[in-house]
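Please look over the sequence and the structure shown here, then read the notes by topic.

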Amino acid sequence: MTATPLLSALTTRAKARAHSRAQPCPCGAATLTDRPDGTVVRHADTVAKAHAPDTTPAELTARLSAAAHLPDVLLPPLSPTPVDLHGRLVTFWPYGDPVDPADPDAAPWEDAATLLARLHLTPAPPGLPPMRGPAKAAHAIARLRAATPQPGTEPVLHAWAALPAWARAEAPMQDLPGEPKRTTLCHGDLHLGQLVRHPAPDGPWLLIDVDDLGVGDPTWDLARPAAWYACGLLPPDEWTRFLTAYRAAGGPAVPADGDPWPALDIAARALTVQTAALAIVKTTVADRPLDDVQQAVVDACARMGSVPPELAHEHAK
């Protein structure tokens, strides 16, 4: 990986912050992520993140404040205010041990579900921006439209067009007649990579990454595991563990019992479309075919066109 001025400066800042927290510092540095939408480096027990170039200072500050006030749910930042570095907003965090991708049987589904329920039951603080889940899905579709068309492109775009406007980030979510308002505090991008143990290595699980945190439909936070389950990528017992733990903790996104799919269908479809769009974009750039998992989500988009939304829950695995 080629060092950029931002990456070099971010690494230096992480080192300085780590040394200010621990003397002597058990020095050890690593680049955790280096993408156009976010660069993350670690030095000892300190993590520094350069956020996406279009990140709004006021919105990021509001999200940092929310995380700082929910230390039992979200990993709190080391500082409530981002700093500017090479034109990018940078935040600092304590290091936490992530989920081990090599040990899927140890995936903390119950912990993830319980944390989500706690988050969804917490009143959203004033001034918090909308949850960015639908906006990220719309961005994935924009990237797909800009890419060279592939065999899977048309069914993915067709499935996207069938979603309601709120799920495409084109309008606010509308309340459903006769149903309680479902707008809550939401994470916006829940997957197992968004959990860490802090303090490492045996502390409680906490949610990380506040970039998409905000007010929105809590079903979005359940949508990725729901979509994996519907596509046959998440075993039924793991989905059941997740859903049961969420309900046991009083999570408001789904009914306390009975079929959850009528509530989850739209968000699960949107996450399936987003995942499929990004899969096509990435394989097009890499000039390689879709792998089995990527093909499964593209195939799911093709099936969406033949299943009316009101019947979709009957077709979930």
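Two strands are said to pair if DSSP finds at least two bridges between them. In this predicted model, β1 and β2 (residues 38-43) meet that description, with six bridges in the antiparallel sense. The points below set this pair within its sheet, then turn to the helices.

**The sheet**
- Five strands form an open sheet in the order β1-β2-β3-β5-β4, and their pairing is antiparallel.
- At the edges lie β1 (29-35) and β4 (83-85), each of which pairs on one side only.
- On average, neighbouring strands of this sheet are turned by 25° against each other, direction ignored.
- Within the pairing of β1 and β2, A30 stands opposite R42 in β2.

**Helices on the sheet**
- Helix α1 (residues 5-21) packs on the sheet and touches β1, β2, β3 (46-51), β4 and β5 (88-94).
- The direction of α1 makes about 40° with that of β2.
- Helix α2 (residues 57-68) also packs on the sheet, where it touches β3 and β5.
- The direction of α2 makes about 10° with that of β5.

**The pair α4 and α8**
- The axes of helix α4 (residues 133-146) and helix α8 (residues 261-286) come within 9 Å and cross at roughly 35°.
- The crossing of α4 past α8 is left-handed.
- From α4, the residues G133, K136, A137, A140, I141, R143 and L144 meet V273, Q274, A277, L278, I280 and V281 of α8.
- Sorted by class, this contact of α4 with α8 holds nine nonpolar, two polar and two charged residues.

Note on methods
Residues are numbered from 1 along each chain as its sequence is written. This is a predicted model: local features need pLDDT of at least 70, side-chain atom pairs count only at pLDDT 80 or more; totals for chains, interfaces and linings use all residues. Side-chain values use heavy atoms; hydrogens and water are left out. Helices (H or I, at least four residues) and strands (E, at least two) are DSSP runs, numbered from the N terminus. Axes are lines fitted to C-alpha atoms, for helices over the stretch in contact, and angles run from 0 to 180 degrees between N-to-C directions. Contact means heavy atoms within 4.5 Å. A crossing is left-handed if the near helix is turned anticlockwise from the far one by less than a right angle, and right-handed if clockwise. Ala, Val, Leu, Ile, Met, Phe, Trp, Tyr, Cys and Pro count as nonpolar, Asp, Glu, Lys and Arg as charged, and the others, Gly among them, as polar.
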